[in-house]
Amino acid sequence: LMIIYLLRHAIAVERGSGTYPNDDRPLTDDGRAKMKKAADGIARCVPIPDLILTSPLQRARDTALVVAKAYHEEDILQETKLLLPGAASANLWEELRGRRTLNSVMLVGHEPDLSGIARALLASPTLSIEFKKGALCAIETPSVPPRRAGTLLWMLAPRQLRLIASR
């Protein structure tokens, strides 16, 4: 069994803002501040994952780094092109299969890809999942690639993560 945490990047500079090449936009100041608070909530209620894999796009990398810092575990963070928008999930499954000895992995990426990964892990192709920016879910899967349905353990909106941090 492996627990896969899916985290959508935090609030980023709007698309089409001009100065960012190839849609590689940074987090806004508000997005960064909200994500720091949410990451404190994550670190409070989610055991440290064995690995955090992130899209190399700046908004995802920055989000993943904020979470890794909240855990005081920056060395568990790795970039992968397999989490770029539109990347083939078959390659992601192959990457995760090579790491099947891990108990948990956090994937930091983009929509609609994260919803697609969740649907595949839950063996539910018509399931509608909304990943708000900064939302996190946990899915327990019996195998990677998924051969049978995993279990959605929970899903938390960014506001809920921030509330956990403030308690």
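The legends below describe close-up views of a predicted model.

**Figure 1. Strand 4 and its covered residues.** Strand 4 spans residues 104–109 and is mostly covered, with 6 of its 6 residues buried. In a regular strand, side chains alternate between the two faces of the sheet. Ser104, Met106 and Val108 point one way from strand 4, while Val105, Leu107 and Gly109 point the other way. The residues of both sets are all buried.

**Figure 2. Strand 4 between its parallel partners, strand 1 and strand 2.** Strand 1 pairs with strand 4 in the parallel sense over 6 bridges. Strand 2, made up of residues 51–54, also pairs with strand 4 in the parallel sense, over 4 bridges.

Figure 3. Strand 5 covers residues 136–141 and is mostly covered, since 5 of its 6 residues are buried under the criterion of less than 20% relative accessible area. With strand 1, strand 5 pairs in the antiparallel sense over 6 bridges. Within this pairing, Ile3 stands opposite Glu140 of strand 5. Strand 5 and strand 6 are antiparallel as well, and they pair over 5 bridges. Here Leu136 stands opposite Leu156 of strand 6.

**Figure 4. The aromatic pair formed by Tyr5 and Trp154.** The structure holds 1 aromatic pair. The ring centres of Tyr5 and Trp154 are 6.0 Å apart and the ring planes lie at 40 degrees, so the pair is tilted. An angle of this kind falls between the limits for the other two classes, because planes under 30 degrees apart count as stacked and those over 60 as edge-to-face. Tyr5 belongs to strand 1 (residues 2–8) and Trp154 to strand 6 (residues 151–156), so the pair ties together parts that are 149 residues apart in sequence. The two residues can also be described by their accessibility. Tyr5 has 5% relative accessibility and therefore counts as buried. Trp154 has 27% relative accessibility and therefore counts as partly exposed.

Figure 5. Gly109 is found in strand 4 and is buried, with a relative accessible area of 1%. Leaving aside residues up to four places away in sequence, Gly109 touches Leu7, Arg8, His9, Ser55 and Leu114. Gly109 and Gly16 are 93 residues apart in sequence, and their C-alpha atoms are 19 Å apart in space.

**Figure 6. The largest pocket and its lining.** The largest pocket has a volume of about 160 Å³. Its lining comprises Arg8, His9, Val13, Glu14, Arg15, Asp23, Arg25, Arg59, Pro85, His110, Glu111 and Lys133. By class, the lining has 8 charged, 2 polar and 2 nonpolar residues. Arg8 and His9, which line this pocket, are also among the residues that Gly109 touches.

Figure 7. A cis peptide bond joins Glu111 and Pro112, with omega about 5 degrees. Pro112 is placed in the loop between strand 4 and helix 4 (113–121). Glu111 is one of the residues that line the largest pocket. The peptide bond from Val144 to Pro145 is also cis, with omega near 0 degrees. Pro145 is located in the loop between strand 5 and strand 6.

Figure 8. His72 is not a glycine, yet its phi is positive, at about 60 degrees. The place of His72 is in the loop between helix 2 (58–71) and strand 3 (77–79). With 71% relative accessibility, His72 counts as exposed, because the exposed class begins over 50%. Ala123 is likewise not a glycine and has a positive phi of about 50 degrees. Ala123 is found in the loop between helix 4 and strand 5. At 48% relative accessibility, Ala123 counts as partly exposed.

Technical notes. Residues numbered from 1 in each chain as written. Predicted model: local features only at pLDDT ≥ 70, side-chain atom pairs only at ≥ 80, totals over all residues. Heavy atoms only, no water. 1 Å grid on protein atoms, 1.4 Å probe; cavity = no way out; pocket = protein on both sides within 12 Å on 5 of 7 lines; lining within 4 Å. Points joined across faces, edges and corners; volume = space filled by probe spheres on them. Nonpolar A, V, L, I, M, F, W, Y, C, P; charged D, E, K, R; others polar. Phe/Tyr/Trp six-rings, centres within 6.5 Å; stacked < 30°, edge-to-face > 60°. Helix = DSSP H or I, 4+ residues; strand = E, 2+ residues; numbered from the N terminus. Buried < 20%, exposed > 50% of the residue type's maximum accessible area, 1.4 Å probe, protein only. Pairing = 2+ DSSP bridges. Contact = heavy atoms within 4.5 Å.
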